[in-house]
Amino acid sequence: MLALLIFSQTLCSSAVNVPAGVNNDSYDRLLKKYVDQNGLVAYGKWKENAEDRKALTTYLEQFAAGDSNASGNERYASLINAYNALVIDWILQNYPAESIWALKDSFKARRHKVGGATVSLNDIENSALRPEFGYRTHAVLVCGARSCPPLQRSAYSSGQLEEQVEHGYRTWLSRSDLNELFPDKNEAEISSIFKWFKGDFEKAGGVKAILVKYVPAPAKPLLQKPDCQITYKTYNWGLNDQGPHGRNWKQSVFDFL
């Protein structure tokens, strides 16, 4: 999810299309079955279930078509679903793993069939979603890490997309392990995503403005203070697994570049 910007690489200029009419029913069922209330995934159980592995593969095959491209919110919802489902599928192919960074070229390799082209996860995020969907991208893409915004337990849809983005932000910002407020210290310790993608948030009024929009009501006065200090949490790239994998991940991602 975050690799391209973290390491200041150049954004890919080619567009990523996605076919119209993708049916999300099977993916929605799988999310409800294998994702818990904390956004963690039961990768072990999913991998052991051949029928559900096949269901995910069949779902992803819908994205390969290169005709009848989706537009508007259907496009954005499908790109989000494709990214998150491709991350899950990639992890399942290589499970058990302690981190998505322990796998080869997870973000930059063009190995995924989407919209009649072979694309990377970086292409979906940085060539399609961020330029068009802006700061909203960062509450909905989940790159398989424990510090990611929690993976939601339903597929994104064009008709509910704005409500789902809002729910994503509110869920993310209400988690004290991911974003924490210290009124007594006049400080907010927030996800490093807000630092890495500062430019995207500035286009929407700035980091504080976005935080105030979505944080729980009691936290708003602190963030509205002009002298409130913003600091950033260390990002935990351990796998977002319900099982034991990723819980003790300490390796620096720089070792894999």
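## Leu56 and its surroundings

Leu56 touches Tyr27, Leu30, Trp46, Ala85, Ile88, Asp89 and Leu92, not counting residues up to four places away in sequence, where contact means heavy atoms within 4.5 Å. Leu56 is found in helix α4 (residues 50–61), helices being DSSP runs of H or I with at least four residues, numbered from the N terminus. With a relative accessible area of 0%, Leu56 is buried (under 20% relative accessible area, 1.4 Å probe, protein chains only).

This is a predicted model, in which local features need pLDDT of at least 70 and side-chain atom pairs count only at pLDDT 80 or more, while totals for chains, interfaces and linings use all residues. Residues are numbered from 1 along each chain as its sequence is written, and side-chain values use heavy atoms, leaving out hydrogens and water.

## Packing of α7 and α10

Helix α7 (residues 161–173) and helix α10 (residues 207–214) pack at about 95°, with their axes 9 Å apart, the axes being lines fitted to C-alpha atoms over the stretch in contact and the angles running from 0 to 180 degrees between N-to-C directions. The two helices are therefore roughly perpendicular (65 to 115 degrees). Glu166, Tyr169, Arg170 and Leu173 of α7 meet Ile210, Leu211, Lys213 and Tyr214 of α10.

Note on methods:
Angles under 35 degrees count as roughly parallel, over 145 as roughly antiparallel, 65 to 115 as roughly perpendicular and the rest as oblique. Buried means under 20% relative accessible area, exposed over 50%, partly exposed in between (1.4 Å probe, protein chains only).
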